[in-house]
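Dear colleague,

Please find below the structure that I am handing over to you. My notes on what was found in it follow.

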Amino acid sequence: RRGRDLKQPTPAFSHHPQQMTQQSNNLRNIALVAHVDHGKTTLVDALLRSTGTFAAHSAVVDRVMDNDDQERERGITILAKAAQIEWKGTKINLVDTPGHADFGGEVERALALVDGILLLVDAAEGPLPQTRYVLSKALQLDLPVILVINKVDRQDERKEEVLLEVEQLFLDLAHADHHLSFPVYSAVARESRAMKGLGMPPMDTDLSPLLDAIVEHIPAPTNDPNAPLQAMVTNLDASDYLGRLAIGRVISGVLRKGDNVAVCQKPTDTNPAPILKRKLSSLFQFSGIERTDATEVVAGDLFILSGIEEVEVGDTIASVDNPMVLPRLEVDQPVLRMSFGVNTSPYAGRDGKYLTSRHLRDRLNKEILGNVSIKIANTEVAEVMEVAGRGELQLAVLIENMRREGFELQVSRPEVITKEIDGKRQEPLEAGTCDVPDEYVGAITQALAPRKGRITDLRPGDPGRTIVSFEAPSRGLIGFRSLLLTVTRGTALLHQSLAGWMPWCGELPHRLGGAMIADRMGTTTGYALDNLQLRGTLFVSPGDDTYEGMVVGENAREDEMVVNAVRAKEKTNIRTHSHDDGPKLATPVTHTLETAIEWIGDDELVEVTPRFIRIRKRYLTLEDRRKYTKKSGN
């Protein structure tokens, strides 16, 4: 059943009688959600341009909201961000969200700020795993949806089929009849064109139909500005001048600069209702992509405030006279964990600025203040902390950020977090879709089989390509992405998301070969590596620094091999043509942070410094490794 008129359900936050003001009537809060690479950030750029947020003379970079270095390099959105535009007298707060399942915590926090969502779906790819994930979260909160089928100018577009697939998705996820009624728009976000219904937007159109739809179909906030103050903190930021910044939405009442407020914090065992009294030293609102000073923010609008150093995500800012706590913001729990430790290699301290466990602990504590989907815990060793997150990509982004900030650390192989359900051990289950050329479908099924994965669907995609849907334990998919790209020569597209829990499926295979381990410190030589490349794959080049216990390659056999990678050619007085031929070395495997984390075993670590990524044994000397093996009974 396809609807064109959207019924307006009760918003997620509706704690007081609906008493509308002129100001909140002229306000809309909307999040842009979609699978990765379906055009959210590009559409935000187009909306900012269409509403004159950028002056005609200003130089505007593409994907202006992706202002983090890694976001621009990886071509993905990692952090949820907000901007405000104005259309025909109505202010519209736009929240751009990540498309990767690993950053689902950002999506969940963004949905707490808004009264509706703009769901983007690629006109060729259709709804993918993250589309299902974000839509299910939005419908749980009873948020109305505007569907935008983007990229209708693609040669392989199939908008009619995609609309049917999206309608099926709504049928699967809807909690109420009104969820099945939603307006549909077609767009070419890159060219700032949109139209109502299915079709190709004419060349002379702009985004006016979509902006009109937001004003018409997304409900104005129904929060009461005359009730006692309640504001939810959904995100944190920091300023060199103002200190910690809290970002969120005013649920009821009015937030005023200079007022004294109550900060309702997370309950503890000793204090079930901790409340701090603080003064708001400064208050801001979103204006375009900037933040501007505000004297007050009324119910329904978004705020940025400073002056409360103790504030955390999920806290309620309330009136001092009558502090009422809002339901605390909760996000899905992490499924992967790994250890972060101080760098203990012989080369520690050569590269980085931050080397101690205090530096490491302070940085991780700073991360969890603004990132509710990451958890940290102490271990038996003071210099090592356990960090849990949504997936490999999220943890890799954190490590890469720390590396760029000047940290040196060593990290372990990720392991899944299990739980007991009905007395049985359960592990996380992932659902994935893989878009591959037809000739590699067999290779994908062969790669999934030993990882305990099973194919759930096979369907044709673009001409010459097949979309393979599968389910597998999260453990089995560690390292699967790099294997997939190798097998398909970089032509595969992989998307995965958490699909629930499954019974523990026993041991899974890891890499095939054992490690080649350096037996001494020194600089590698071409002569030594020439002999070693016959035994396996090298990770180092001539002239690289090595130390005892560092992994310099992968053995072709499954046994570990201790090698001398620094041996120089002995000088003799014999000179023949054949003796003087230089070694012909194959190009070594250069590990990225992600591939190194995927490759290592339980007794190995990745050493991460600002300039180098090295793989090493947990215990560097042969004697220590033997003691560990004997102690663990392996």
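By class, 4 nonpolar, 2 polar and 2 charged residues line the largest cavity (Ala, Val, Leu, Ile, Met, Phe, Trp, Tyr, Cys and Pro count as nonpolar, Asp, Glu, Lys and Arg as charged, and the others, Gly among them, as polar). The model is predicted, with local features needing pLDDT of at least 70 and side-chain atom pairs pLDDT 80 or more, while totals for chains, interfaces and linings use all residues. Residues are numbered from 1 along each chain as its sequence is written, and side-chain values use heavy atoms, without hydrogens and water.

The lining consists of Glu125, Leu128, Thr433, Cys434, Asp435, Ile467, Leu493 and His495. A cavity is a set of points on a 1 Å grid over the protein atoms alone where a 1.4 Å probe fits but cannot get out, and lining residues have an atom within 4 Å of a point. The largest cavity holds about 80 Å³ of space, the volume being that filled by probe spheres set on the points, which are joined across faces, edges and corners.

Ser412 counts as buried because its relative accessibility is 7%, buried meaning under 20% relative accessible area with a 1.4 Å probe and protein chains only. The side chain of Ser412 reaches the backbone nitrogen of Ser339 at 2.9 Å. Leaving aside residues up to four places away in sequence, Ser412 touches Met338, Ser339, Ile600, Glu604, Leu605 and Arg618, where contact means heavy atoms within 4.5 Å. On that basis, Phe170 touches residues including Leu119, Leu135 and Phe182.

Yours sincerely

Conventions: Buried < 20%, exposed > 50% of the residue type's maximum accessible area, 1.4 Å probe, protein only. Polar contact = N/O pair within 3.5 Å; in protein donor to acceptor, adjacent residues only side chain to side chain. 1 Å grid on protein atoms, 1.4 Å probe; cavity = no way out; pocket = protein on both sides within 12 Å on 5 of 7 lines; lining within 4 Å.
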